[in-house]
Amino acid sequence: MSNDIAIDVRNVAKHFGQGEHAVRALDDVSVQIKKGEFFTLLGPSGCGKTTLLRMIAGFESPTAGQISLEGRDITELPPNHRPVNTVFQSYALFPHLTVAENVGFALKMQGKPKDEIAATAEKMLALVRLEALAGRKISQLSGGQQQRVALARALAPQPKVLLLDEPLSALDFKLRKEMQIELKRLQHETGITFIFVTHDQEEALTMSDRIAVMSAGKIQQTGSPRDIYTHPANRFVASFVGETNFLPARVANGKVTLAAGGLIDAMGAEGQTGDVTVTVRPEQVRISPPGSAGALPATIRNLVYFGTDVHCHLTLADKSELMARLQCPASGDIGLSEGSEVGIKFAAGAAQVLGN
């Protein structure tokens, strides 16, 4: 195994129950996570992402397969013997202890000297910008401050890997945005491998170095946020990560023709034939005057104003539906109206034929 690999998951399965009624929470999952990487397990509820995280932590044992940490097999190693730490959805802070005592708790349990515990707690609280609150009780903190204390406590023992199980889900929208930036900063400054679990695609896209998109106990695609967004491996990934359009089409001799009419350039057509689905992101749809050369005829069904942009919902000739996301000018008027006839084009390289 390469020296730059922190976590190596090989052919891991997890079954709850037995026989034909067994639930396959994980089904032959393999993934390698690099040292110093911010890696995200992304997927809907029940996809297996938290089960995989709990296996890395040692809270669950795999039915089959192996998990290694920096080349060492930890599959059967108890949680307290693994150099990993976990931050949960509920921060599980001790209300009777001060902020500093919470941060130093794990070190105290390890029998570290008091001066070392105090110095580490001070350093960790400075890292999360809470050094001024060291003497406060947990009940005196806001939700965002409690989140930072939980992070500082998890980082204090200097784990090789930090596991984060949807730690931002309880925060309000604005605070969640701020903590996304803070988490990425902490990961960059500490150099610790972060493995983050979320169902929030925006969290995954904005924070991650790489993402594994999961569904039904399997990893559907692994790659950088840009790769997963622009080149989804299948329909599930395309629909789960961001908004997109799905258009029926047919491939013959390497050429793609939409059911609505019109030959288009689309990636992924090589080696395919017959009926397919083409995906195009809404921001890659271009609206032109009706009858424009090379444009598909469409009708505007409705316009939805979002402040920074307008979502333009359209109907094509075959009654298939399409959405275009148009940036608003300073005036807020994009010069279109519901019921209008327009032409539709796609940005170069935007259309992709999806795999099954």
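## About the model

This is a predicted model, in which local features need pLDDT of at least 70, side-chain atom pairs count only at pLDDT 80 or more, and totals for chains, interfaces and linings use all residues. Residues are numbered from 1 along each chain as its sequence is written, and side-chain values use heavy atoms, with hydrogens and water left out.

Helices (H or I, at least four residues) and strands (E, at least two) are DSSP runs, numbered from the N terminus. Two strands pair if DSSP finds at least two bridges between them.

Strands β1 (residues 5-16) and β2 (residues 23-34) pair in the antiparallel sense over eight bridges, and K14 stands opposite L26 in β2. The two strands form a hairpin with six residues between them, and G17 in the turn has a positive phi of about 90 degrees.

One of the residues touching P62 is K14; the others are V12, A13, M55 and T75, not counting residues up to four places away in sequence. P62 is found in the loop between α1 (49-57) and β4 (64-69). With 15% relative accessibility, P62 counts as buried (under 20% relative accessible area is buried, over 50% exposed and in between partly exposed, with a 1.4 Å probe and protein chains only). The C-alpha atoms of P62 and T75 are separated by 7.6 Å, although the two residues are 13 apart along the chain.

Helix α1 is mostly covered, with seven of its nine residues buried: K49, T51, L52, L53, M55, I56 and A57. Just after α1, G58 takes a positive phi of about 100 degrees.

Helix α4 has 14 residues and reaches 20 Å from its first C-alpha to its last, close to the expected 20 Å (the expected span is 1.5 Å times one less than the number of residues). Its buried residues are I117, T120, A121, M124, L125 and L127. They cover an arc of only 150 degrees around the axis, which puts them on the same side of α4; the arc is that of the directions from the helix axis to the C-beta atoms. On the other side, D115, E122 and K123 are exposed. The cover over the buried residues of α4 includes α2, α3 (105-109), α5 and α6.

## Two nonpolar cores

A nonpolar core is a set of buried Ala, Val, Leu, Ile, Met, Phe, Trp, Tyr and Cys residues joined through side-chain atoms within 4.5 Å. The largest has 36 residues, and those touching the most other members are V103, V149, L151, L162, L164, L183 and F194. Two or more residues each come from α2 (99-103), α4 (114-127), α5 (143-155), β7, α6 and β8. The largest share, six residues, comes from α5.

There is also a second, separate core of 29 residues, which includes L258, V285, I344 and A350.

Four bridges join β12 to β11 (residues 245-252) in an antiparallel pair, where R250 stands opposite T257. Two residues lie between these strands in their hairpin, and N253 takes a positive phi near 55 degrees.

β12 is also joined to β13 (residues 263-264), by two bridges and again antiparallel. The bridge partner of V256 in β13 is I264. This hairpin has four residues between the strands, and G261 takes a positive phi near 95 degrees.

Technical notes:
Contact means heavy atoms within 4.5 Å.
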